[in-house]
Amino acid sequence: MAEMTYLEAISDGLREEMRRDESVLCIGEDIGAFGGAFKVTDGFIEEFGAGRVLDTPLAENAIIGTAVGAAAEGLRPVCEMQFADFISCGFDQLVNVAAKLHYRQGVAVPMVVRLPSGGGFSGGPFHSQNPEAWFLQSPGLRVVAPATADDAKGLLTAAIRDPNPVCYMEHKGLYRYVKGEVPEGEHSVELGRARVAREGEEMSVITYGSAVHLALDAAEELGEDIEVIDLRSLCPLDTDAILASARKTGKVLVAHEATQSCGVGAEVAALVAAEAFEDLDAPVRRLTAPDVPIPFSPPLEQAVLPQLDDMKEACRELLAY
Amino acid sequence: MSSSRTETLIEVAMPKMGISVSEGTILEWRKQPGDWIEADETIADVTTDKVDVEIPAPASGRLARIIAERGDTVPVGEPIAEIDAEAKPGEAHPEESAVRSPQSAEPEEAAVSSPQAAEPQKDSGGEPDRSGFVSPVVRRIADKHGVDLEQVEGTGVGGRVRKKDVLAYVEANGGNGQAKPAPVLHSESPYRPEEPAVRSPAEVAEAEPVAGERREPMTPMRQMIAKHMLDSRRTSAHCTTIVEVDMSRVAARRAELKEAMKRRGVPLTYLAFVAQATVEALGEFPVLNASVEGEEIVYHDDVNLGIAVALDDGLIVPVIPKAQRLSLEGMAAAIADVAARARAKQLEPDEVHGGTFTITNPGQFGAVLATPIINQPQVAILDLEAIVKRAVVVDGPDDDAIGIRPMTYLPMSWDHRALDGAVAAQFLSRVKARLEGWEVG
């Protein structure tokens, strides 16, 4: 084990897989000589060469399209979007080609798209979004969103080895904020398995990504018997873990930084309502960003993104119900 | 960027330069102590692991002190210099000093309300009486234990009876007498996937234990296999015919295709070739893709190919429907798929019914000959045995020669009610010819 930041864990996972498997390569803007906008691939071009660390023009459609072709031919490309927001420029290749190729033609597309997402740094509407729900509406894609350094490495490894196209949501706010013990060498975390981040009996916070830390901090500060489920994989969703927790506590808060409508929270709430209705002791609640663009202004941005106080308040309300 | 006022001194802090940046290194000071500086004028250049940034002065004044020297690395938010905002240069406007720091809003100053404004806010005091409202889980627990909810004190919002209230009541009072005495920690919904049926002790505890023996009940799967096998023995007139096959050309073709298919996620096994050859031959010998019903023979249009898959304790035969439509790769993919899902116990019930012909493959475990039992209501089962290099007589350049060839046996058990030995042998010869003549290159 070694202590790493979330960012270092992503780098480490990627490096391990590139060392282990020659078919793994990286594609993105400024990932080679510059080492990536956030330095995830710092030093990669020196170790693996320009043939496996491909700098591209500012053309996300070309990045994803190239990766789809490479994956169909048996390589395992890992694309970097400089910001998750920019995936919109590569959307057609992702949702209509990568996601559908196996369904249409039986061709596996083992590729990963790394998506630095999330706000909290006055990045404004084009550099702060959490667009995971876009991909959940596109069958054929898998979506993961690690919250810890351990999972950042383990889920990336699993995503690279998975035969499906995987959207890997890496929250920029966690890059250097989150540190933890990470297994050295090969480390893979099974896709589709949630993690009980904190056990409790009184209510469940079902969450992922940056909101996991809000939930854990809120539970600690409130000193209440709150269970926190870190979903880790958004597709496939660990319905067993969600329902087990909902049935145990009878009170469910779904929390995420992404906007509310038709998001992961809506999906989890619908699942709980349908399958665990007789175990519910309170309405299923959501804590999310409202359906607005992310503002530049720091006070406005804080008002939009869920904060620790919001999490504590939502927990208090549900506990009191 | 944050700056705070210390008497007349304004602190210049290492600014926050992006979410991923935790520290910066001073590249160059543009001003020296004693220099006059205007608010927002660049005071220093800083480099991070990502970008170079110019730091603007938070206020006008005279640079009083440099805290971080050129080359120093400073965490975000730490002071790097101080500006004396009260200083008055000859031509400067004194009122320009100090508080021109638009970005000085600290997070805690922004009193942020919940973004969940759309959700009704519950006021914990003075809310309407909710003691009559019963949540689904409370109703279920009350019904189960025969609890009169009127008797239960509610501690929830508006006096609502919460799950914990009714559970505490049950624990204290045991419901109305029908209640189960065991304390309930949490009570869960009855809607669950079915668990394996619990066997009654009477079914298994008949025999006295004997030293040197161990008795275990058969699993439900074991019992089903036992029943099906005996039924089949009683139903069909079993015969077994065997051909020997030279797999050289199949091995060569497999070597050609294997890597490319593997890249596409399809493991190409010998079984796939045998399955393909069998399905083709069944088209020519429809009586082997048939069933016996009373005094009629039912011929099936589609080849629904059963593949016997060994499990830890037992056997299951998933069916590949319409196998005649599949290419070799499609066959290989379908076999890999059903086998993997069979082992993971993820087959749908429909996927183990409707087979018209079955292939079993004990050869993967090294067996060389077997006489399998027919999978009812089919009329034949083909068995792929181990592929073993043997010395065999082959056509040499001049005359017969001894060659080393990958050989296997294909035994087939068939139902003498539906067909006779000649047809069985012709069918197997057809399969053999296809495998031995597989196109290569």
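Biologist: Which residue stands opposite A:V78 in strand β4(A)?
Modeller: Start with terms: helices (H or I, at least four residues) and strands (E, at least two) are DSSP runs, numbered from the N terminus. Two strands pair if DSSP finds at least two bridges between them. Strand β2 of chain A covers residues 24–28, and five bridges join it to β4(A). Opposite A:V78 in β4(A) stands A:C26.

Biologist: What kind of model is this?
Modeller: Residues are numbered from 1 along each chain as its sequence is written, while chains are lettered from A and ligands numbered from 1 in the order in which they are written. Local features need pLDDT of at least 70, side-chain atom pairs count only at pLDDT 80 or more, and totals for chains, interfaces and linings use all residues, since this is a predicted model.

Biologist: Which residue in β5(A) stands opposite A:E80?
Modeller: β4(A) also pairs with β5(A), over three bridges. In β5(A), A:V113 is the bridge partner of A:C79. Opposite A:E80 stands A:R114.

Biologist: In what order do the strands of the open sheet in chain A lie?
Modeller: The sheet has seven strands, and their pairing is mixed. The order is β3-β2-β4-β5-β7-β6-β12.

Biologist: Which are its edge strands?
Modeller: An edge strand here pairs on one side only.

Biologist: Which residue of β7(A) is the bridge partner of A:P116?
Modeller: β5 (112–117) and β7 (166–171) of chain A pair in the parallel sense over six bridges. In β7(A), the partner of A:P116 is A:E170.

Biologist: How many residues of β4(A) are buried?
Modeller: A residue is buried if 20 or more other C-beta atoms lie within 10 Å of its own, exposed if 12 or fewer, and partly exposed in between, with C-beta atoms placed from the backbone. A:R76, A:V78 and A:E80 point one way from β4(A), A:P77 and A:C79 the other way, and all are buried. β4(A) spans residues 76–80 and is largely enclosed by the rest of the structure, because its buried residues number five of five.

Biologist: And how many residues of β5(A) are buried?
Modeller: One side holds A:V112, A:R114 and A:P116, and the other holds A:V113, A:L115 and A:S117. Both faces are covered. The buried count in β5(A) is six of six.

Biologist: At what angle do the axes of α8(A) and α12(A) cross?
Modeller: Helix α8 covers residues 210–222 and helix α12 covers residues 308–320 of chain A. Their axes come within 9 Å. They cross at roughly 60°.

Biologist: How many residues of the contact of α8(A) with α12(A) are charged?
Modeller: Two residues are in contact if their C-beta atoms, placed from the backbone, lie within 7 Å. The contact involves, among others, A:L214 and A:D217 of α8(A) and A:M311 and A:K312 of α12(A). Ala, Val, Leu, Ile, Met, Phe, Trp, Tyr, Cys and Pro count as nonpolar, Asp, Glu, Lys and Arg as charged, and the others, Gly among them, as polar. Seven contact residues are nonpolar, none is polar, and the charged ones number four.

Biologist: How far apart are the end C-alpha atoms of α8(A)?
Modeller: The expected span of a helix is 1.5 Å times one less than its number of residues. With 13 residues, α8(A) should span 18 Å. That agrees with the distance between its end C-alpha atoms, 19 Å.

Biologist: Which residue, with a positive phi, follows α8(A)?
Modeller: Its phi is near 65°. The residue after α8(A) is A:G223.

Biologist: What share of the residues of chain B is buried?
Modeller: In chain A, 59% of the 321 residues count as buried. Chain B has 441 residues, and its buried share is 29%.

Note on methods:
Axes are lines fitted to C-alpha atoms, for helices over the stretch in contact, and angles run from 0 to 180 degrees between N-to-C directions.
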